[in-house]
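Let's take a walk through this structure together, one region at a time. Keep the 3D view open and follow along as we go.

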Amino acid sequence: MNSFSICLLGFGEVGQALFGDLRPRVGKVTAWDLRFADANSAPSRAAAGLDILVASDAKQAVDGVDLVISAVTAAQIGEAAASVAGHLKREAYYFDLNSTSPAAKSNAAQVVDSSGGRFVEAAIMSPISPRHAASPMLLGGPHAAGFMPLAQTMGFSGAQMFSAKLGAASAAKMCRSVIVKGLEALLLESLLTARQHDVADAVLDSLYSLFPSDDWRDTARYMVSRALTHGRRRAEEMREAARTVSEVGLSSRMSSACADWEDWASHHSTAASHPDIQAMLDALLAARGSRT
């Protein structure tokens, strides 16, 4: 596919993970990220030295490309779609990987489709690493079935057609997030409290009888570290989950509280460097007077 070109709209964790899988399969890869304006930002440093065209703006990034992969943050899904509207190659696919509510996906799809593109929603149903492009994904929307052969060719081997109804895949993702990110928030609240009472070991030991895990200390450390490292993005995602819950007339108590915990965790990312859960909890407790 030497004549095929793609654009990575957003070059954070997901964009960077996909680049290595996609680059050998296509003729050209361009990228645009708002943080490219800062030469010292993580996306700028990651792009340096790669065989990738770093665009000066969104218009240049999508000019003439056959496939746009949107991997920004939940709060930016509408802004990202609007930034390329009117600049897309006619009938180019716009593959949206962002974790948002069905309503947000529908709004972005309207912008893309009305400008001549073909919007396909995707819900990534696992962490993006270690499988990257091969991660399990649910595809949805009226253009998803037509996109499936291209997705397989591009290496998205874990993608499956989920529903022609736009928003269904995103609803599945958001409901999963209530559980997965909810567990992160539950662990934060429970273990920080338990550590203060010097009973964290007893709490962790009790979890083996409820949920299978080779080592609940490692599991807890991993889940808490994800909140610390990616809390800002996860807080945005959980606000979208809360929106998803509210859209069907239910109260989003859990999702909203989870968003608050993820947001708090994002301000204490340095604690993620500790190698064990107890030290991590101690670092967080020492900082609890900050942005609680």
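Start at Ser126, which is buried, with a relative accessible area of 11%. Here, buried means under 20% relative accessible area, exposed means over 50%, and partly exposed is in between (1.4 Å probe, protein chains only). Before going on, know that this is a predicted model, where local features need pLDDT of at least 70 and side-chain atom pairs count only at pLDDT 80 or more, while totals for chains, interfaces and linings use all residues. Residues are numbered from 1 along each chain as its sequence is written, and side-chain values use heavy atoms, with hydrogens and water left out.

Where does Ser126 lie? You'll find Ser126 in the loop between strand 6 (118–124) and strand 7 (137–140). Helices (H or I, at least four residues) and strands (E, at least two) are DSSP runs, numbered from the N terminus. Leaving aside its neighbours within four places in sequence, Ser126 is in contact with Arg131, Ser135, Pro136 and Arg176; contact means heavy atoms within 4.5 Å. Ser126 and Arg176 are 50 residues apart along the chain, and their C-alpha atoms are separated by 9.7 Å.

Eight strands form an open sheet with mixed pairing, in the order 3-2-1-4-5-6-7-8. Two strands pair if DSSP finds at least two bridges between them. At the edges sit strand 3 (53–54) and strand 8 (159–163), each pairing on one side only. Strand 3 pairs with strand 2 (residues 28–32) in the parallel sense, over two bridges. If you look for Ala31, its bridge partner in strand 3 is Val54.

Next, look inside. A nonpolar core is a set of buried Ala, Val, Leu, Ile, Met, Phe, Trp, Tyr and Cys residues joined through side-chain atoms within 4.5 Å. The largest such core has 56 residues, and of these Phe95, Leu139 and Phe156 touch the most other members. In soluble globular proteins, nonpolar side chains tend to be buried together.

Ile179, Leu183, Leu186 and Met254 make a nonpolar surface patch of about 360 Å². Patches are made of residues with over 30% relative accessible area and no salt bridge, with like charges joined within 9 Å and nonpolar side chains (Val, Leu, Ile, Met, Phe, Trp, Tyr) within 5 Å. Accessible areas come from the Shrake-Rupley method with a 1.4 Å probe, and for residues only the protein chains shown count as cover. Which helix gives the most to the nonpolar patch? That's helix 7 (residues 168–196), with three residues. Ile179 is found in helix 7, and Ile179 counts as exposed because its relative accessible area is 56%.

Let's turn to the charged side chains. A salt bridge is a side-chain nitrogen of Lys or Arg within 4 Å of a carboxyl oxygen of Asp or Glu, and by this rule the count comes to 14. One of them joins the side chains of Lys181 and Glu237 (3.2 Å, N to O). That pair links distant parts of the chain, with Lys181 in helix 7 and Glu237 in helix 9 (residues 216–247), 56 residues apart. Are these two buried or exposed? Lys181 is buried at 5% relative accessible area, and Glu237 is buried at 7%.

Arg243 counts as partly exposed because its relative accessibility is 33%, while Glu240 is buried at 12%. Elsewhere, Glu13, Arg226 and Arg233 are linked in a network of salt bridges.

Finish at Ser101, in the loop between strand 5 (93–96) and helix 5 (102–114). Ser101 counts as buried, at 0% relative accessibility. Not counting residues up to four places away in sequence, Ser101 touches Ser170, Met174, Glu240, Arg243, Thr244 and Glu247.
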